[in-house]
Amino acid sequence: MRTYQVAYFVGSLSSTSINRTLSRALIGLAPGDLEFTEIPIGKLPLYSPDFDSDYPAEARAVKDSLAAADAVLFVTPEYNRSIPGALKNAIDWASRPWGHNSFDHMPAAVIGASPGSIGTAVAQQSLRAVLSFCNARQMTAPEAYIQVRPGLISDEGQVTDSETEAFLQNFIQEFRVHIERVLTVLPRS
Ligand SMILES: Cc1cc2nc3c(=O)[nH]c(=O)nc-3n(C[C@H](O)[C@H](O)[C@H](O)COP(=O)(O)O)c2cc1C
């Protein structure tokens, strides 16, 4: 059985991030042939084209992780109705130098959690626009806007509500189907 390597970004630097617990829940509910590796973003310097000829180690690590992956998953909060700066910075690093865009043709999915009722919908639209320009092959459905109330997901990623658990399980299963479809026509080199 072949496995698919999924690199994932958590768009929050918070030590108590609900998006990190969401990522744990998704990993726990994922099909057995998906293997997950987080790409840390907290120690990346701010991107500047001045680095294009000589990327720092943290940024090289981001690009190496994406090169080793079959697909990429974004689990992100919404900051001021947009993408958190730390995540956008990581995407900018990965998209450059010009001609070496790490997201080119890569299967991708987006999900996010917020205590607010629209569950990161605006940030996700913003992120989708960025990923579209980066030529990632996004899963467009199902969408997943997760409103988190205290206790919905334990720190370990256990989902306490069966409807939410089934929804998340379907989301990650659909991502697996999407990955296989994309890689069938656009194999990773
Ligand atoms: C700078 C900042 C901006 C925020 N803007 C939004 C927002 O636009 N929409 C929203 O639903 N929540 C917003 N929030 C609240 C976050 O959804 C909430 O803090 C959430 O827990 C962040 O996710 P995390 O726990 O994974 O860090 C904002 C929080 C911060 C710190």
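Q: Which residues surround the ligand?
A: The ligand is surrounded by S12, S14, S17, I18, N19, P77, E78, Y79, N80, R81, S114 and P115. A residue is near a molecule if one of its heavy atoms lies within 4 Å of it.

Q: What kind of model is this, and how are residues numbered?
A: This is a predicted model, in which local features need pLDDT of at least 70, side-chain atom pairs count only at pLDDT 80 or more, and totals for chains, interfaces and linings use all residues. Residues are numbered from 1 along each chain as its sequence is written, and side-chain values use heavy atoms, with hydrogens and water left out.

Q: How far is the polar side-chain atom of S17 from an oxygen atom of the ligand?
A: The distance is 2.6 Å. A polar side-chain atom of S114 lies 2.7 Å from an oxygen atom of the ligand, and a polar backbone atom of N80 is 2.8 Å from a ligand nitrogen atom.

Q: How much of the ligand's accessible area does the protein cover?
A: On its own the ligand has 620 Å² of accessible area, and the protein covers 68% of that. Accessible areas come from the Shrake-Rupley method with a 1.4 Å probe; for residues, only the protein chains shown count as cover.

Q: Changing topic, where does R176 lie?
A: R176 lies in helix α5, residues 162-185. Helices (H or I, at least four residues) and strands (E, at least two) are DSSP runs, numbered from the N terminus.

Q: Is R176 buried or exposed?
A: R176 counts as buried, because its relative accessibility is 17%. Buried means under 20% relative accessible area, exposed over 50%, and partly exposed in between, with a 1.4 Å probe and protein chains only.

Q: Which side chain makes a polar contact with R176?
A: The side chain of E180 does, at 2.9 Å. A polar contact is a pair of N or O atoms within 3.5 Å; within protein, one must be able to donate a hydrogen and the other to accept it, and residues adjacent in sequence count only if both atoms are side-chain atoms.

Q: How many aromatic pairs are in the whole structure?
A: A search finds six. One of them is the edge-to-face pair of Y8 and F36, with 6.3 Å centre to centre and 70° between the planes. Rings of Phe, Tyr and Trp (its six-membered ring) pair if their centres lie within 6.5 Å; planes under 30 degrees apart count as stacked, over 60 as edge-to-face and the rest as tilted.

Q: Why does that pair tie parts together?
A: Y8 lies in strand β1 (residues 4-10) and F36 in strand β2 (residues 34-38), so the pair ties together parts 28 residues apart in sequence.
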